[in-house]
Amino acid sequence: MEVPHVLALAGPAGRARLVPDRSQTAAQVAVDGTWERILAAVLAAAEDADDIGWTVSVDSTVCRAHQHAAGARKKGAPGRTEPDDHALGRSRGGLSTKVHLASDDHARPLALRVTAGQAGDAPAFETVRAAIRVPRSGPGRPRTRPDVVLADRAYSSRAIRNHLRRRGIRAVIPQPSDQINHRLRRGRIGGRPPAFDADAYKQRNTVERCINRLKQWRGLAMRTDKLAIAYQAALHLAAILIWARRQPAQRSTTQRASVGQDPVPMICSTSLNASPMATVSSSGYSSACPLQRTNPSLTP
């Protein structure tokens, strides 16, 4: 696979060196979509191996932003896809960013988007669903339609249900109590309640587990990047590592312990002023690494 400025994975399992083009900064790599293209290639390989579960769960999570994340120019730089607000929102809790994501039924991310922390979930649904785009290894269009979409009550709206119905996607979304009461007050005019599969809805925990996996990295649990594109690139990088571990994860814990491998690698140097070069190693954690695991003893 040839991708410009790609970090090449080499070495035995559990130990890899990422070899980038040093002329590219982390921000430039984020702007030209390198990480997103690598993630697409990893998803294509998983789809070719029939390893993607197409019962997709959608949700969002709020990540606190460090005070150093503020201070970027008010308007995005020309030629960049940077939003004017840099995906930073203000509330009583301070600065925050909301990560909207979709995961497959094995708790692995398929699409990631960032908005300001106060943004609602439902308005970002179509953007997240449109970001699900898994290329095929052979001829044919990328797959963009899951079989089932699971979401909580925040996504219960007529617009979202119609959006999924037009595309032949089954929606498993519970109704909030106010919508139920409003329909009952209207009597026969209110129509039938939307179909809801309670057993299928039990699988929605996969997106919560996916969020827990992503937040194992400090630079994702608390945003320090000034630019939204840099923070989203870090999310894509973490997603690549989660998907890259899908085959080694099938080995038993005894086999991993016998070779002394740490199943959770470290991501380094995603700050804008640092080189994108990183070493994924089974030993050592650097305090300067913005994506250092918050608890190295946990395995996402």
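Which residue forms a salt bridge with D51? R108 does, with the closest N and O atoms 3.0 Å apart. A salt bridge here is a side-chain nitrogen of Lys or Arg within 4 Å of a carboxyl oxygen of Asp or Glu.

## Basis of the model

This is a predicted model: local features need pLDDT of at least 70, side-chain atom pairs count only at pLDDT 80 or more, and totals for chains, interfaces and linings use all residues. Residues are numbered from 1 along each chain as its sequence is written, and side-chain values use heavy atoms, with hydrogens and water left out.

## Overall make-up

The protein chain has ten helices and nine strands. These are DSSP runs, numbered from the N terminus: helices are H or I over at least four residues, strands are E over at least two. Of its 300 residues, 46% count as buried. Buried means under 20% relative accessible area, exposed means over 50%, and partly exposed lies in between (1.4 Å probe, protein chains only).

The accessible surface of the protein chain comes to about 15,500 Å². Carbon and sulfur atoms account for 50% of that surface. The areas come from the Shrake-Rupley method with a 1.4 Å probe; for residues, only the protein chains shown count as cover. A contact means heavy atoms within 4.5 Å. Among contacts between residues at least 6 apart in sequence, 66% join residues at least 24 apart.

## Salt bridges

The count comes to nine salt bridges. The pair of R108 and D51 links distant parts of the chain, 57 residues apart. R108 sits in the loop between β4 and β5, and D51 in the loop between α2 and β2. Both R108 and D51 are buried. Side chains of opposite charge can pair when their charged atoms come close.

K202 bridges to D199, with the closest N and O atoms 3.7 Å apart. K202 counts as exposed because its relative accessibility is 60%. D199 is exposed too, at 56%. E208 and R204 meet at 3.4 Å, N to O. E208 counts as partly exposed at 32%, while R204 is buried at 13%. Salt bridges that share partners also join D51, D104 and R108 into one network.

K98 belongs to strand β4 (residues 94-103). K98 counts as buried because its relative accessible area is 10%. Its side chain reaches the backbone oxygen of A119 at 2.8 Å. The K98 side chain also makes a polar contact with the side chain of D121, at 3.2 Å. A polar contact is a pair of N or O atoms within 3.5 Å; within protein, one must be able to donate a hydrogen and the other to accept it, and residues adjacent in sequence count only if both atoms are side-chain atoms.

Leaving aside neighbours within four places in sequence, K98 is in contact with residues including S60, T61, V62, R113, V114 and T115.

Helix α2 covers residues 34-48. Its expected span is 1.5 Å times one less than its number of residues. For 15 residues that gives 21 Å, and the end C-alpha atoms are 21 Å apart, which agrees. Buried residues in α2 include W35, I38, L39, V42 and L43. T34 and E47 are also among them.

D50 follows α2 and has a positive phi, near 55 degrees. H86 has a positive phi of about 55 degrees although it is not a glycine. H86 lies in the loop between β2 (55-65) and β3 (89-91), and is buried at 6% relative accessibility. A107 has a positive phi of about 60 degrees, again without being a glycine. A107 lies in the loop between β4 and β5 (109-116). Its relative accessible area is 0%, so A107 counts as buried.

## Nonpolar cores

A nonpolar core is a set of buried Ala, Val, Leu, Ile, Met, Phe, Trp, Tyr and Cys residues joined through side-chain atoms within 4.5 Å. The largest has 52 residues. I52, V58, L214, L220 and W243 touch the most other members. Helix α9 (residues 228-244) gives the most to this core, with twelve residues.

Not counting residues up to four places away in sequence, L214 touches L101, L112, L220, L235, A238, A239 and I242. A second, separate core of five residues includes V148, L150, V172 and Y201. In soluble globular proteins, nonpolar side chains tend to be buried together.
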